[in-house]
Amino acid sequence: MNKPILSAHFESRTPSDVRLAQMKYEERKVKPQAVINVGIGNVSLPTNPAMMKRMFSLDAPESPFAQGVIRYSTTAGFKECQDAFKNILKCEGFDTSNLYVQITDGGSAAMELLLLGVCGPAGSDERPLLMIDPAYTNYISFAERIGRKIVTVKRKLDENGKFSLPEIDKIEEMIKKYNPGALLVIPYDNPTGQLYDHETLVELAKLCVKYNMWMVSDEAYRELYYTDDARLVSIWGVTDKEVPGIEGRRISIETASKVWNACGLRIGALITDNAEFNNRAVAEYTANLCANVLGQYIFGALAHESKEQILDWCKNLRNYYKEQIMTVYNGLKKLEPNLIVSSPDASIYLVIDVRNVVKPGFDSIDFVLYCAEKGAVEIDGVETTLLVAPMKGFYNVDEGEYNPGTTQFRISFVESPEKMAKVPELFVKLLRQYEAQR
């Protein structure tokens, strides 16, 4: 009997690298006693108290859901939810008077909407999105889904753990070659943990003005920076005073997921200072009707928080992550000095490169699958395995081109401090176990 035919797109789909380990582990028939999953940025901390209060009181008299009625919001989202995103920016010291907010189902939906808004027609190479490799893999996946083009300027992980930002003239060469519609930056970088300073954003903004591109900043991890001399950076801190012409071409991608510990709430936003872009984004999003209204209401609580409350929350979160990240970083370097571990400057990630400690032919995906499907080592008397993300999917490479992610992994700081402290020993023991049987 004939079978129905899948589309070519579906036939080509494989799991995202950030979900791969978890999916394969779930299929494992005989599981070890414990597993530590740092493959995906699924934050396990409680959310903000103001949000929590609303979450646990959806039937309160002041709640719009008190009578059990759950209606659509406007496509652009509840004004209160829009104001929550603006209030956060205002408390951080940025001017929000001319900003427009489209609420989306998580930052992911904002990414897809962004691609539709800045790139050329589906199926063409016109006006691609220019990114700096390695970059968050979902941009690549969404571009493939909707037929848009991605081009990348390459970064390299040096022996000292620093990702070398491409020189401005190299980026300019790519702009001249591909005529991108927008440049995407992730100042508190996913996956590398690199921190872009304000001066770098200014130089990149000048290129966007010079070549008439949108400047897009993914600010999911804004406020999460750990170097002593760092200052809060944002696309909203780059203005016409420093870069004449940048205003009116700025876009940021926002989310409740990371700084506000609400990954599953699925609330994000596409913010811009361009009224026409916002109008068209809302028009496009009408097909989605609206974002999750329960999530909008819960996140909307932040519209009423004071500057002191917002900044104290962010400061405490920074201190929490900094201690964990330094523990894991130092532990990895102590147990295996030849590992290359990315500099712990920002966001909630580290990249580990094993190129100096493994035999030829090593493949990061094979190691991830080994850990998920059969690997386990004893930690504190408990058989345990570790789930990490292979970095291959974070690089946009041509067929036949070497992928630096072949020997690299991303670790997410999403487990408890007690579990995160075990990651260095787990990783090194599993790597040695895998190499011994290879």
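Q: Which elements each supply at least two residues of the lining of the largest cavity?
A: Helix 4 and strand 9 do. Both names come from DSSP runs numbered from the N terminus: a helix is H or I over at least four residues, a strand is E over at least two. The model is predicted, so local features need pLDDT of at least 70 and side-chain atom pairs pLDDT 80 or more, while totals for chains, interfaces and linings use all residues. Residues are numbered from 1 along each chain as its sequence is written, and side-chain values use heavy atoms, with hydrogens and water left out.

Q: What makes a space a cavity, and what makes it a pocket?
A: The test runs on a 1 Å grid over the protein atoms alone. In a cavity, a 1.4 Å probe fits at the points but cannot get out. A pocket is an open set with protein on both sides within 12 Å along at least five of seven lines. Lining residues have an atom within 4 Å of a point. For volume, points are joined across faces, edges and corners, and the space filled by probe spheres set on them is taken.

Q: Which residues line the largest cavity, and how do they divide by class?
A: The lining is Phe85, Ile88, Glu92, Glu219, Ala220, Arg222, Glu223, Glu254, Thr255, Val259 and Trp260. Ala, Val, Leu, Ile, Met, Phe, Trp, Tyr, Cys and Pro count as nonpolar; Asp, Glu, Lys and Arg as charged; the others, Gly among them, as polar. That gives five nonpolar, one polar and five charged residues.

Q: What lines the second largest cavity?
A: Met131, Ile132, Pro134, Ala135, Arg155, Leu184, Val185, Ile186, Asp189 and Tyr196. Strand 3 (129-133) and strand 7 (182-185) are the elements that give two or more residues. The classes are eight nonpolar, no polar and two charged.

Q: What is known of the second largest pocket's volume and lining?
A: Its volume is about 360 Å³. Of its 18 lining residues, Lys149, Ile150, Val151, Asn396 and Asp398 lie nearest its centre. Strand 4 gives the largest share, four residues. By class there are seven nonpolar, three polar and eight charged.

Q: Why does the span of helix 4 agree with its 13 residues?
A: The expected span is 1.5 Å times one less than the number of residues. For residues 79-91 that should be 18 Å, and the end C-alpha atoms are 18 Å apart, so the two agree. Gly93 follows the helix, with a positive phi near 100°.

Q: Which residues of helix 4 are buried, and what do they pack against?
A: Buried means under 20% relative accessible area; exposed is over 50%, partly exposed in between (1.4 Å probe, protein chains only). Cys81, Gln82, Ala84, Phe85, Asn87, Ile88, Leu89 and Cys91 are buried. They pack against strand 2 (100-104), strand 9 (250-255), strand 10 (268-272), helix 10 (293-299) and helix 11 (307-335).

Q: Why is Met215 called buried?
A: Its relative accessibility is 1%, so Met215 counts as buried. Met215 sits in strand 8 (residues 214-218). Contact means heavy atoms within 4.5 Å. Beyond four places in sequence, Met215 touches residues including Leu183, Val185, Leu201 and Ile251. Leu183 is 32 residues away in sequence and 5.2 Å away in space, C-alpha to C-alpha.

Q: Why does Asn278 count as buried?
A: Asn278 has a relative accessible area of 10%, and is therefore buried. Its place is in helix 9 (residues 275-285). Not counting residues up to four places away, Asn278 touches Tyr100, Val101, Gln102 and Thr272.

Q: Why is Ser412 called buried?
A: At 0% relative accessibility, Ser412 is buried. Ser412 lies in strand 16 (residues 408-412). Leaving aside neighbours within four places, its contacts are Val38, Gly39, Ile40, Gly41, Ile348, Tyr349 and Met420.

Q: What makes a set of residues a nonpolar core?
A: Its members are buried Ala, Val, Leu, Ile, Met, Phe, Trp, Tyr and Cys residues joined through side-chain atoms within 4.5 Å. The largest such core has 102 residues, and Trp260, Phe299, Ile348 and Phe427 have the most contacts inside it. Helix 11 gives the most to this core, nine residues. Apart from it lies another core of 35 residues, among them Leu113, Phe163, Ala182 and Ile253.
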